[in-house]
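Student: I have a model open on my screen and want to talk through how it is put together. Can we go piece by piece?
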Amino acid sequence: MRILFLTHQYFPRSIGGTEMLVRGLVTRLRAHGHEAVVLAYVESPGNQMHDFGFRVTEFEGAPLWELHYNLSCAENPAEAEFDNPLLAQLVVRAAREIQPDVVHAAHLMKLSGAVLPRLVREGFPVVVTLSDYWPLCLRHTLLKPDGAICETGPDHPQRCLACAQATHGFAKPSPPCAGEAGL
């Protein structure tokens, strides 16, 4: 069986929980005779289309497709992290070439959630692991800057502004809106 893992970053450039999870799965699958391919986002320092695209290498014997791109070049960088048709198209193109039996979306941050429906439409079976709250929380943790649990999540567009400011330094909350106290 050939499994394609999608992740927001990977070894040797990055070490974290999702990377460790994917590395462990790749190692075990390969030990049992399966093929494992990793496709990971890499932040490109360039800002021209010719700087973007795939560089295929390997890590610990498994093929590693690094998708170089610069999110800051998108028309709306914050939106592009979640919904990026260009990256979805590139990931689907790679999947067509790799021809996996299943795609395991380990973490789609930076690759964008737009990847999933495109892969499904192309007929690829997809499995998703939710290893944090990235799809619905700017901090990825559902924890407020003071460490308190966010019990409501993003139930109103303005609720997350304070977290966006504290975490990323943008989206400075505007003066309170009428009725904001009741959010």
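Student: Start with α3. Which elements do the buried residues of α3 pack against?
Tutor: They pack against β1, β2, β3 (53-59), β4 and α4 (115-121). Contact here means heavy atoms within 4.5 Å. Helices (H or I, at least four residues) and strands (E, at least two) are DSSP runs, numbered from the N terminus.

Student: What am I looking at, and how are things counted?
Tutor: This is a predicted model, with local features needing pLDDT of at least 70 and side-chain atom pairs counting only at pLDDT 80 or more, while totals for chains, interfaces and linings use all residues. Residues are numbered from 1 along each chain as its sequence is written, and side-chain values use heavy atoms, with hydrogens and water left out.

Student: Which residues of α3 are buried?
Tutor: L87, A88, L90, V91, V92, A94, A95 and I98. Buried means under 20% relative accessible area, exposed means over 50%, and partly exposed lies in between (1.4 Å probe, protein chains only).

Student: Why would a helix show that kind of spacing?
Tutor: An α-helix has 3.6 residues a turn, so residues three or four places apart point the same way.

Student: How far apart are the end C-alpha atoms of α3?
Tutor: They are 20 Å apart. The expected span is 1.5 Å times one less than the number of residues.

Student: What happens at the start of α3?
Tutor: A side-chain oxygen of N84 comes to within 3.2 Å of the backbone nitrogen of L86.

Student: Where is K110, and what is its phi?
Tutor: K110 is in the loop between β5 and α4. Its phi is near 75 degrees, again positive in a residue other than glycine.

Student: Switch to the sheet. How does β1 run relative to β2, parallel or antiparallel?
Tutor: Parallel: six bridges join β1 (residues 2-7) to β2. Two strands pair if DSSP finds at least two bridges between them. I3 stands opposite A36 in β2.

Student: What about β2 and β4?
Tutor: β2 and β4 (residues 62-69) also pair in the parallel sense, over six bridges. E43 is opposite Y69 in β4.

Student: Why call β2 largely enclosed?
Tutor: Seven of the nine residues of β2 (residues 35-43) are buried, so the rest of the structure largely encloses this strand.

Student: What unit do β1, α1 and β2 make?
Tutor: A right-handed β-α-β unit, with α1 spanning residues 17-31. Right-handed means that, with the strands pointing away from the viewer, the path from the first strand over the helix to the second runs clockwise.

Student: Where is the cis peptide bond?
Tutor: From F11 to P12, with omega near -5 degrees. P12 lies in the loop between β1 and α1.

Student: Now the core. How many residues does the largest nonpolar core have?
Tutor: It has 30 residues, and L4, L6, L39, L111 and L119 have the most contacts inside it. The largest share, eight residues, comes from α3. A nonpolar core is a set of buried Ala, Val, Leu, Ile, Met, Phe, Trp, Tyr and Cys residues joined through side-chain atoms within 4.5 Å.

Student: What does L4 touch?
Tutor: Leaving out residues up to four places away in sequence, L4 touches V37, L39, A95, I98, P100, V102, V103 and H104. A second, separate core of 14 residues includes F11, A36, A62 and L64.

Student: H104 is on that list. Buried or exposed?
Tutor: H104 counts as buried, at 12% relative accessibility. H104 is in β5 (residues 102-105).

Student: Last one, N70. What does its side chain contact?
Tutor: The side chain of N70 makes a polar contact with the side chain of S72 at 2.5 Å. A polar contact is a pair of N or O atoms within 3.5 Å; within protein, one must be able to donate a hydrogen and the other to accept it, and residues adjacent in sequence count only if both atoms are side-chain atoms. N70 is buried, with a relative accessible area of 7%.
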